[in-house]
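This report covers strand pairing, salt bridges and surface charge in one protein model. Please look through the sequence and the structure first.

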Amino acid sequence: MPHHQTVLRLVAPVAVLALTLTACGGGDDTADAKSTGTAQAKASPSPEPTSGGEMGTGESATGKVAEDPGEVTYEVLAQKVEVGTEAEAARAVSEPDKVKGKALAVAYVKYTHKSGPALTEGSDVHDATTVFADGQRGTVLIGASEDAAGCEDPYDVESWKQGESHVFCETYVVPANAKSVEVHWAEEDGEPYIWKFPNG
């Protein structure tokens, strides 16, 4: 499949596998998110729609992110996930034995600044994006290059105004035989929006 070469180009020569993950952005806050949503529904005459849920192909989610200098509303769209081969994963990391039976999954996510102040020092919107395979969270690949064709480095975006869009990529290691991969993105303390993509 031609996308395998693209995945390989995304990875730095000595990327480091993050073996210990912390529950940041898109974690399992289901109970808190539900109770918060219920409280909002009782307190507000016109409640906001519930955050999170499964998204269709090409369907965008809208959410707020606390940025510097203020809260920004984004439209978020997981465009695709490219899954490579076990051999590419082994070549991409410094300890190949830790990725046996695994493959690289690169998620392409488009973020559009819908409302709020213009940003002048980068954004945190991509921090809440994670990749899952068959319902299990993958392992983030630290040091993966995000400047391949179609991807931008979020740390190079210093000016971001309303109406502008950027595509950031996230590289994770997932089981090579996974039937499907998912991109999760969530507002702080919200339930994740989930886009599912078949693998293979």
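Strand S5 (residues 102-115) has 10 of its 14 residues buried, so it is largely enclosed by the rest of the structure. Buried means under 20% relative accessible area, exposed over 50%, and partly exposed in between (1.4 Å probe, protein chains only). Strands are DSSP runs (E, at least two residues), numbered from the N terminus.

S5 pairs with S4 in the antiparallel sense over 10 bridges, and Glu82 stands opposite Val106 in S5. S5 also pairs with strand S9 (residues 165-175), antiparallel over 11 bridges; here Ala103 is opposite Val174. Two strands count as paired if DSSP finds at least two bridges between them.

## Basis of the model

The model is predicted: local features need pLDDT of at least 70, side-chain atom pairs count only at pLDDT 80 or more, and totals for chains, interfaces and linings use all residues. Residues are numbered from 1 along each chain as its sequence is written, and side-chain values use heavy atoms, without hydrogens and water.

## Salt bridges

A salt bridge is a side-chain nitrogen of Lys or Arg within 4 Å of a carboxyl oxygen of Asp or Glu. The count is three. One of them joins Lys196 and Glu54 (3.5 Å, N to O). Lys196 lies in strand S11 (residues 193-198) and Glu54 in strand S2 (residues 53-55), so the pair ties together parts that are 142 residues apart in sequence.

Glu82 forms a salt bridge with Lys80 (3.2 Å, N to O). Glu82 is buried at 10% relative accessible area, while Lys80 is partly exposed at 36%.

Key. Helices (H or I, at least four residues) and strands (E, at least two) are DSSP runs, numbered from the N terminus.
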